[in-house]
Amino acid sequence: MFIGDNVLAAIGDTPLVRLHRVTPEGCAEILVKAEGQNPTGSMKDRAAQAMIAVAERDGRLKPGGTVVEWTSGSTGAALGLVCAAKGYRLRLVSSTVFSAEKLTQMAAFGAELTVVPSPDGMITEQLFHTMIATAERLGREPDTFWTDQLHNTDAITGYHALGQEIWAQTECRVDAFVQAVGTAAALRGTASLLRYHKQRRLQVVAVEPAESAVLSGGSPGAHRIEGIGVGYRPPLWDPTLVDEVVAVSTADAEAMARRLAREEGLCAGTSSGANVVAAIRVGLRLGPRARVVTLLPDSGLKYLTTSVFRR
């Protein structure tokens, strides 16, 4: 135990937990990294801290400046945490399609919100384009730094520590790593570190919504898995790092999120459910002697009023 200089010292070093009741017989051992234990309840704390720290060092973000970003919620809350701790103004662009908890959490950190409506209540490629265009416009204002998470490679470095934590916690034994793709920064940062240690013996699996399986060669579509599936290949996507892409439906992701809470005591979001569904598919193929690691990217407390848990 130690005394942190500020709240940012609490980011990282999250637990790695073995699943029991949701894994079928004959499946590999499934381990989940409980990223909801980060200060804002999300792995995005890692990326936000890295993006702001590098921008400070190279002068893109100056004292008293303003930070701008579009977000489905978790990146916004993470930037809210970092900006509150460091004293920056924060302007965020989000949407009514994302959970009320996320919008409230971002505002609680002092973020100024521009909320874009989603007429059909679904997550679509057009919605992302609208939010991005709005953030880009705000980012042109004086003394403003747009983190531009879709293109910002500094976010990738924020996840190197996540990969190192997994490597140490598994005592250097992991056969496959599974992660859903939003910006692709978490997949790249974590998998590249694990692959550095284990080389090609590590199987890297990307996860995307079945309704918008563009990484698998399909067409963009509407879905409800928050934080992933922007409807096109994100600029940070690196297909050379990935061995396989698994598509998971919104219904299966939501069902697994509920099972994780009720059967494992792990309250996590919908992308977490998608990750576990995909990890089990990989684990059944690899067999009981293998070990598969995946992420629970955020806490289910961000989704309590959504259809995932409102039953």
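**Figure 1. Crossing of helices H8 and H9 in the predicted model.** The axes of helix H8 (residues 250-264) and helix H9 (residues 270-286) come within 7 Å of each other and cross at roughly 95 degrees. Because angles of 65 to 115 degrees count as roughly perpendicular, H8 is roughly perpendicular to H9. On the H8 side, the contact is formed by Asp252, Ala253, Glu254, Met256, Ala257 and Leu260. These residues meet Thr270, Ser272, Gly273, Ala274, Val276, Val277, Ile280 and Arg281 in H9. Sorted by class, the contact of H8 with H9 has eight nonpolar, three polar and three charged residues.

**Figure 2. Lining of the largest pocket.** The largest pocket holds about 180 Å³ of space. Its lining consists of Thr96, Val97, Gly121, Ile123, Arg224, Glu226, Glu254, Thr270, Tyr303, Thr306, Ser307 and Val308. By class, this lining has four nonpolar, five polar and three charged residues. Glu254 and Thr270, which belong to the lining, also take part in the contact of H8 with H9.

**Figure 3. Packing of the buried residues of helix H6.** The buried residues of H6 are Leu162, Gly163, Glu165, Ile166 and Trp167. Just after H6, glutamate 171 takes a positive phi of about 55 degrees.

**Figure 4. Cysteine 172 in the loop between H6 and E7.** Cysteine 172 lies in the loop that joins helix H6 (160-169) to strand E7 (176-180). Its phi is near 70 degrees, a positive value in a residue other than glycine. Most residues other than glycine have a negative phi. With a relative accessible area of 46%, cysteine 172 is partly exposed.

**Figure 5. Aspartate 143 in the loop between H4 and E6.** Aspartate 143 is located between helix H4 (125-139) and strand E6 (144-146), within the loop that separates these elements. Aspartate 143 is a residue other than glycine with a positive phi, near 55 degrees. Its relative accessibility is 67%, and aspartate 143 therefore counts as exposed, the cut-off for this class being over 50%.

Technical notes. Residues are numbered from 1 along each chain as its sequence is written. This is a predicted model: local features need pLDDT of at least 70, side-chain atom pairs count only at pLDDT 80 or more; totals for chains, interfaces and linings use all residues. Side-chain values use heavy atoms; hydrogens and water are left out. Axes are lines fitted to C-alpha atoms, for helices over the stretch in contact, and angles run from 0 to 180 degrees between N-to-C directions. Helices (H or I, at least four residues) and strands (E, at least two) are DSSP runs, numbered from the N terminus. Angles under 35 degrees count as roughly parallel, over 145 as roughly antiparallel, 65 to 115 as roughly perpendicular and the rest as oblique. Contact means heavy atoms within 4.5 Å. Ala, Val, Leu, Ile, Met, Phe, Trp, Tyr, Cys and Pro count as nonpolar, Asp, Glu, Lys and Arg as charged, and the others, Gly among them, as polar. Buried means under 20% relative accessible area, exposed over 50%, partly exposed in between (1.4 Å probe, protein chains only). On a 1 Å grid over the protein atoms alone, a cavity is a set of points where a 1.4 Å probe fits but cannot get out, and a pocket is an open set with protein on both sides within 12 Å along at least five of seven lines; lining residues have an atom within 4 Å of a point. Grid points are joined across faces, edges and corners, and a volume is the space filled by probe spheres set on the points.
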